[in-house]
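Please take a look at the fold before reading on.

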Amino acid sequence: DIHPNCAICGHLPPGETECPHESDRLQQAVEQAEHKWIDTWLTNVREWATNTAVAHVTNSFDSLRDRRKQEYRSHVSALPYYPQYAHYRGQPPPHIVHPSFLSALRQQVRIADDQLQRLIDEDWKACVRTYPKVLEYYYAQIDVSSPRD
Ligand SMILES: [Zn+2]
């Protein structure tokens with residue numbers, strides 16, 4: 001049989017020893033293909049995991065915030081004169097709500113507002129702290145399958 005000369009250096013390897021050039025070049029090409037595949041795959045996986053984790057954490061936070069706001073509304077609406085206060089957008093005339101009641105109510109609303117903000121901040125902090133676990137969960141869902149021959 002006629003064997004081709006080395007595609008890289010053009011020489012026929014002497015005797016039984018194989019010229020290393022072709023296998024070196026093949027190894028380089030394999031590594032290049034691997035890097036390209038890994039980069040593409042990793043970019044897609046990262047985008048999917050990030051988007052899914054953000055959506056999950058945001059949904060958790062949104063439902064917590066809805067609950068906090070609901071609790072806030074039921075708390076302030078039970079305060080004395082609150083319906084009149086709300087009806088006049090926080091400025092009920094003195095014959096509707098006496099100024100002394102109004103200032104007490106305003107203080108209670110301010111306390112409730114501050115508490116709502118504080119609770120929402122705490123909820124958000126707690127949600128953000130779940131990112132490592134959430135990401136770990138989604139990364140564990142990723143399945144890498146090998147091609148069949
Ligand atoms: Zn060679």
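Two residues are in contact if their C-beta atoms, placed from the backbone, lie within 7 Å. On that basis, residues 24 or more positions apart account for 56% of the contacts in the protein with a separation of 6 or more. This is a predicted model: local features need pLDDT of at least 70, side-chain atom pairs count only at pLDDT 80 or more, and totals for chains, interfaces and linings use all residues. Residues are numbered from 1 along each chain as its sequence is written.

**Overall build**
- The protein has 4 helices and 0 strands (DSSP runs numbered from the N terminus: helices are H or I with at least four residues, strands E with at least two).
- Its radius of gyration, taken over C-alpha atoms, is 34 Å, well over the 15 Å that the globule rule (2.2 Å times the number of residues to the power 0.38) gives for 149 residues, so the protein is more spread out than a compact globule.
- The C-alpha trace spans about 115 × 25 × 20 Å along its principal axes.
- Of the 149 residues, 4% count as buried (20 or more other C-beta atoms within 10 Å of the residue's own, placed from the backbone).

**Helices H1 and H3**
- Helix H1 (residues 21-77) and helix H3 (residues 99-128) pack at an angle of about 165 degrees, with their axes 10 Å apart (axes are lines fitted to C-alpha atoms over the stretch in contact, and angles run from 0 to 180 degrees between N-to-C directions).
- H1 and H3 are therefore roughly antiparallel (an angle over 145 degrees).
- Among the residues that meet are Phe-61 and Tyr-72 in H1, and Leu-116 and Trp-124 in H3.

Note on methods:
Buried ≥ 20, exposed ≤ 12 C-beta atoms within 10 Å, placed from the backbone. Parallel < 35°, antiparallel > 145°, perpendicular 65-115°, else oblique.
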